[in-house]
Amino acid sequence: MFFDKDAETMPRAEIEKIQLEKLKKTAVYCYENVKLYKDKFDKAGFDPAKIKTLSDIKYIPFTTKEDFRDNYPFGLFAVPMKKIVRMHASSGTTGKPTVVGYTKADLYMWSDCMARIVAAAGATPDDIVQICFGYGLFTGALGLHYGLEKLGAAVVPSSSGNTEKTVMMMRDFGTTALVSTPSYALRIGEVMEEVGIKPEEIKLRLGLLGSEGCTPEMRDQIESKLHMFVTDNYGMSELMGPGVSGECTERCGMHFNEDHFLPEIIDPATGEILPEGQSGELVVTTLDKEGLPVLRYKTHDITSITYEPCKCGRTHARMMKPTGRTDDMLKIRGVNVFPSQIESVLMVVPEIAPHYQLVVGREGSADNLEVRVELADASLLDDYRNLDELRSRIHHDLKTVLGISTKVSLVEPKSIERTAGKAKRVIDNRPKETATFSVESK
Ligand code: ZN
């Protein structure tokens, strides 16, 4: 299903024509209205009026999370406060949050982008959608909220927290679609079991999950526990919130809203633009934002882009699910390890539950990585031989994928902490100055 078929299926040449026009306008708009861009352009000797082709984007300096922090709270806004009608913020682990502002036109564009994405995922005006993201400063809840309303679905802003109540409403209201993080969807499945509600008793059919990574293996687990079709979508508050890209029902990558966002893939080490299909860091330029336009924002997400037309009929480019973040890569004894690699191994082991935690420590000068996984069934704890066999099987599989040895700890069912938002997967106990991992939220 399409929300705006003309826009979503326009020929490639037309998309690029629109992008070039809007890129020219946005670069000049940023230069004239935001001091950061004026300073950066002047320093780089870049004249925004000289943009002639889309590839000229390579002359525009990057924007980073640090730029937001250095200009806290409103330094990157391009309009006076009287034109701003909404603000959101994302928290970091250190220092001040990242603050973003929206004009009326920005909110209109945002809900339009969101409506396209939820329609592509299979949502319809007949759906009753429970939003189990935390409301508040986080962009996720209100982003999906306005997009689903624009599509015409019935939105239940149940927020996150009381999971038993959430499950009860889900059954009583006949909720057909769920918005939450993948880890919270699993928690909902657990609570359903605890209170004795079978998946057949509820009408869930669609999961619009996001805000944290989800490997295909984890998605399979969620689908089998909640009996729903799960799609992923992508965004971040610095760019707008959710709504930058999302999966259609073909689930072969997430379609960008390319008439509003211009994506690139760069080599994170050199900043060079990489050719189609190659994996690197995603960089995104907003093409229509008034309140907070952003040029070449470095997302830290590692992915690749394809411009091949999709079976669904959409012509907009697709990004693959990010395989990791340039800043959540763990460096263990000199080897690069992504939590998503570990998740892919764990999710296919039937004896363990889809909950895990990674604990990084240091003994002497050597790093060590402990992988804590929950047993699915407590009775396994009574059989030492089986436990040992299971532990060494997981250890072996992890070593094959990661190339390093880990310590595998099997823990009792439900002993790893559950959260209503993003799961805390990594605990890095190494001394601060050498830890290479940051738990910065998007
Ligand atoms: Zn598609």
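Reader: How many helices and strands does the protein have?
Author: Helices (H or I, at least four residues) and strands (E, at least two) are DSSP runs, numbered from the N terminus. This is a predicted model, in which local features need pLDDT of at least 70, side-chain atom pairs count only at pLDDT 80 or more, and totals for chains, interfaces and linings use all residues. Residues are numbered from 1 along each chain as its sequence is written, and side-chain values use heavy atoms, with hydrogens and water left out. The protein has 11 helices and 21 strands.

Reader: What radius of gyration does the protein have?
Author: The radius of gyration is taken over C-alpha atoms, and the globule rule is 2.2 Å times the number of residues to the power 0.38. The C-alpha trace spans about 70 × 55 × 40 Å along its principal axes. For 442 residues a compact globule would come out near 22 Å, and the protein agrees with this, at 22 Å.

Reader: What percentage of the residues count as buried?
Author: Buried means under 20% relative accessible area, exposed over 50%, and partly exposed in between (1.4 Å probe, protein chains only). Of the 442 residues of the protein, the buried ones make up 52%.

Reader: Which residues are the protein donors of the zinc ion?
Author: Donors are N, O and S atoms within 2.8 Å of the metal (3.2 Å for Na, K and Ca); water is not among the atoms, so sites may look incomplete. The donors of the zinc ion follow the spacing C-x6-H-x54-C-x1-C along the chain. Lying 2.1 to 2.3 Å from the ion, they are Cys248 (SG), His255 (NE2), Cys310 (SG) and Cys312 (SG).

Reader: What arrangement do the 4 donor atoms around the zinc ion make?
Author: Four donors count as tetrahedral if all angles lie between 85 and 135 degrees; four count as square planar and six as octahedral if opposite donors are over 155 degrees apart and all others between 65 and 115; anything else is irregular. Because the angles subtended by the 4 donor atoms are 103 to 114°, the arrangement is tetrahedral.

Reader: How many residues apart in sequence are the parts that His255 and Cys312 tie together?
Author: His255 lies in strand E9, whereas Cys312 lies in the loop between strand E13 (305-306) and strand E14 (318-319). His255 and Cys312 are both buried. The pair therefore ties together parts whose separation in sequence is 57 residues.

Reader: What volume does the largest cavity have?
Author: On a 1 Å grid over the protein atoms alone, a cavity is a set of points where a 1.4 Å probe fits but cannot get out; lining residues have an atom within 4 Å of a point. Grid points are joined across faces, edges and corners, and a volume is the space filled by probe spheres set on the points. The structure holds 4 cavities of 30 Å³ or more. The largest cavity has a volume of about 120 Å³.

Reader: Which element gives the largest share of the lining of the largest cavity?
Author: The lining of this cavity includes Ser183, Arg187, His355, Tyr356 and Gln357. Two elements give two or more residues to it, helix H8 (182-195) and strand E18 (352-363). With 3 residues, the largest share comes from E18.

Reader: How many charged residues are in the lining of the second largest cavity?
Author: This cavity has a volume of about 100 Å³, and among its lining residues is His255. Ala, Val, Leu, Ile, Met, Phe, Trp, Tyr, Cys and Pro count as nonpolar, Asp, Glu, Lys and Arg as charged, and the others, Gly among them, as polar. By class, the lining has 3 nonpolar and 4 polar residues, and the charged ones number 3.

Reader: Where is His300, which has a positive phi although it is not a glycine, found?
Author: Most residues other than glycine have a negative phi. The phi of His300 is about 70°. At 25% relative accessibility, His300 counts as partly exposed. His300 is found in strand E12 (residues 297-303).

Reader: Is the peptide bond from Tyr72 to Pro73 cis or trans?
Author: Most peptide bonds are trans. Pro73 has its place in the loop between helix H4 (65-70) and strand E1 (84-90). With omega near -5°, the bond from Tyr72 to Pro73 is cis.

Reader: What distance separates the C-alpha atoms of Gly143 and Pro242?
Author: Gly143 is placed in helix H6 (residues 139-151) and is buried, with a relative accessible area of 2%. Gly143 and Pro242 are 99 residues apart along the chain, and their C-alpha atoms are separated by 6.1 Å.

Technical notes:
1 Å grid on protein atoms, 1.4 Å probe; cavity = no way out; pocket = protein on both sides within 12 Å on 5 of 7 lines; lining within 4 Å.
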